[in-house]
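This report describes selected local features of one protein model. The sequence and structure are shown first.

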Amino acid sequence: MMDIKKIVILGSTGSIGRSTLEVVERFPDRFKVIGLTTNNSTDLLLKQVRRFKPTYVAIANHESYIKVKEILSLEGCHVLEGSSGLIEVATLKDADIVVASIVGSAGLIPTYHAIQSGKTIALANKEVLVSAGDIFKKIAEDKSVKILPVDSEHSAVFQCLQGQNFKSIRRLLLTASGGPFFGMKKENLKTVTVDEALCHPNWSMGRKITIDSATLMNKGLEIIEAHHLFGIEHKNIEAVIHRQSIVHSLVEFTDGSIICQMSNPDMKGPIAYALSYPERLDNVMKQVDLISIGTLTFEKPDTQTFPCLMLAYVALDTGGSMPAVLNAANEVAVDMFLRKKIGFNQIPVIIDKVMSIHNPVHSEDIDVILEIDRWARVKAREVIER
Ligand code: NAD
Ligand code: MG
């Protein structure tokens with residue numbers, strides 16, 4: 001019998017966290033959950049604890065921790081709190097793999113410590129690589145830690161690259177669904193509502209990434225993520241609109257061949273691949289019915305209407321701390337849009353303004369990046385108030 005992999009899920013109550021638990025539930029002889037974390041979704045965490053019996057849980061939010069610490073202890077698990085609690089769960093001695101599925105730069109510190117402690121990382125939390133990709137790559141190398149992609153595009157590229165020589169890569173083509181506002185022009189986007197933006201055509205995800213998909217910032221963040229994961233220059237990474245979300249990305253090689261990965265849009269696929277790599281598990285996703293899909297289309301993204309994609313290229317090209325500023329300003333702008341404080345078209349304007357007043361620095365210190373992240377959030381709020 002093979003060993004059971006012991007898993008920690010950072011952000012178990014989110015969309016990726018819940019899909020990860022579905023995979024674990026389907027393959028109980030392969031995986032055992034030993035640690036879970038949440039920000040404040042305590043009711044769901046309690047259900048997860050009762051179902052999966054982890055030894056440790058951590059709750060980031062203080063009030064939430066106070067509310068459920070006793071009832072969770074009665075379930076027989078150690079209950080930890082705040083940033084130090086998250087770090088403790090992220091570095092549990094017995095853990096074989098840590099699923100990084102917190103949203104935003106809130107995931108930086110626990111993921112950083114998980115890598116420091118030598119854990120294999122299944123990475124969904126792309127903001128971590130966007131903000132501090134150079135630092136994370138370096139410590140992962142130093143610690144011989146594998147960072148396995150969970151993001152569907154990066155999982156696709158990773159799958160296409162198995163057994164290939166990286167020197168033969170010409171381009172990465174990351175596919176994008178185009179989001180709910182595909183085909184619209186800037187003028188029409190002025191008045192779109194939060195509910196319309198949250199209505200993604202093909203994927204059901206957390207609120208922040210759903211808005212990022214509508215602005216195309218998600219693809220911008222993914223280009224930066226791909227640059228760090230695969231060591232490809234940004235001029236060789238492109239986004240292509242593919243409305244059907246069946247082809248999850250493509251790799252073009254120097255001989256002119258393209259290899260792509262296809263499946264139905266279901267995050268359980270890339271999650272299961274990261275958890276079981278290099279093996280594949282049986283019947284993770286519904287089979288693709290190519291005949292009923294019939295047509296697969298590919299189009300150029302409209303960067304006039306969706307400037308966030310270009311801002312991400314600028315940030316990556318500028319380098320240093322600029323991608324961290326792009327990310328932090330985006331997190332604030334998306335949050336303000338979700339609270340109905342700003343319009344959809346203001347999101348890229350705010351990010352652009354904060355980037356334009358930042359003098360990028362190159363640092364190997366994660367604390368410097370965190371400080372710049374905080375600075376960019378303050379500036380983004382100032383820009384919004386003006
Ligand atoms: P989500 O909002 O559904 O879940 C986020 C999780 O993070 C929750 O468990 C929440 O409790 C936790 N969290 C939030 N703020 C926190 C804080 N300050 N401290 C500690 N924990 C905190 O998000 P999601 O859609 O699951 O996305 C998670 C990450 O995965 C994001 O980086 C996203 O870009 C990436 N991703 C998601 C999908 C998807 O299908 N949902 C696909 C690809 C990549
Ligand atoms: Mg993706």
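Is D151 buried or exposed? D151 is buried, with a relative accessible area of 8%; buried denotes under 20% relative accessible area and exposed over 50%, with partly exposed in between (1.4 Å probe, protein chains only).

## Basis of the model

This is a predicted model, in which local features need pLDDT of at least 70, side-chain atom pairs count only at pLDDT 80 or more, and totals for chains, interfaces and linings use all residues. Residues are numbered from 1 along each chain as its sequence is written, chains are lettered from A and ligands numbered from 1 in the order in which they are written, and side-chain values use heavy atoms, with hydrogens and water left out.

D151 lies in the loop between β7 (147–149) and α7 (152–160), and E222 in helix α11 (residues 217–230), so the pair ties together parts 71 residues apart in sequence. Helices (H or I, at least four residues) and strands (E, at least two) are DSSP runs, numbered from the N terminus. E222 is buried, with a relative accessible area of 1%.

A197, in helix α9 (residues 194–197), is buried at a relative accessible area of 0%. Leaving aside neighbours within four places in sequence, A197 is in contact (heavy atoms within 4.5 Å) with P180, F181, T210, I211, A214 and F337.
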